[in-house]
Amino acid sequence: MKIGLSVRIDVTKIDKARLYAGAKGTYLDLTTFVDTDQQDQYENNGFISQSVDKEEREQGVQTPILGNVKVFFTDGAQSAPKSQAVIDEDIPF
């Protein structure tokens with residue numbers, strides 16, 4: 001499935017201490033959560049925030065929401081169901 005996302009962030013909310021130098025530039029790790037089935041009152045399907053590492057996640061550290069994500073395109077393909085029970089009547093229990 002192909003999905004087109006539009007992302008808008010407020011760069012003033014970026015924690016500059018989380019920027020890091022890479023071989024070809026300065027980088028920032030981001031995380032997004034997208035729900036293609038629901039939109040908020042502004043037609044957004046999710047949000048974007050700065051990533052946290054495993055230790056921070058275990059400590060409950062949360063970074064501020066930097067912006068929103070909006071699905072503007074899907075190719076119409078259906079994704080797999082979130083959970084699917086398979087019952088095979090030929091298998092004895």
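Ground rules. I count residues from 1 along each chain as its sequence is written, and my side-chain values use heavy atoms, with hydrogens and water left out. Since the model is predicted, local features need pLDDT of at least 70 and side-chain atom pairs count only at pLDDT 80 or more, while totals for chains, interfaces and linings use all residues.

Salt bridges. I looked for a side-chain nitrogen of Lys or Arg within 4 Å of a carboxyl oxygen of Asp or Glu, and the count came to two. Arg18 pairs with Asp15 at 3.7 Å, N to O, and with Glu56 at 2.9 Å, N to O.

Thr63. I found Thr63 in the loop between helix 1 (54-58) and strand 6 (65-74), and at 17% relative accessibility I note it as buried (under 20% relative accessible area; exposed is over 50%, partly exposed in between, with a 1.4 Å probe and protein chains only). The side chain of Thr63 reaches the backbone oxygen of Gln50 at 2.7 Å.

Asp40. I placed Asp40 in the loop between strand 4 (30-34) and strand 5 (46-50), partly exposed at 38% relative accessible area. Its side chain reaches the backbone nitrogen of Tyr42 at 2.8 Å.

Note on methods. Helix = DSSP H or I, 4+ residues; strand = E, 2+ residues; numbered from the N terminus. Polar contact = N/O pair within 3.5 Å; in protein donor to acceptor, adjacent residues only side chain to side chain.
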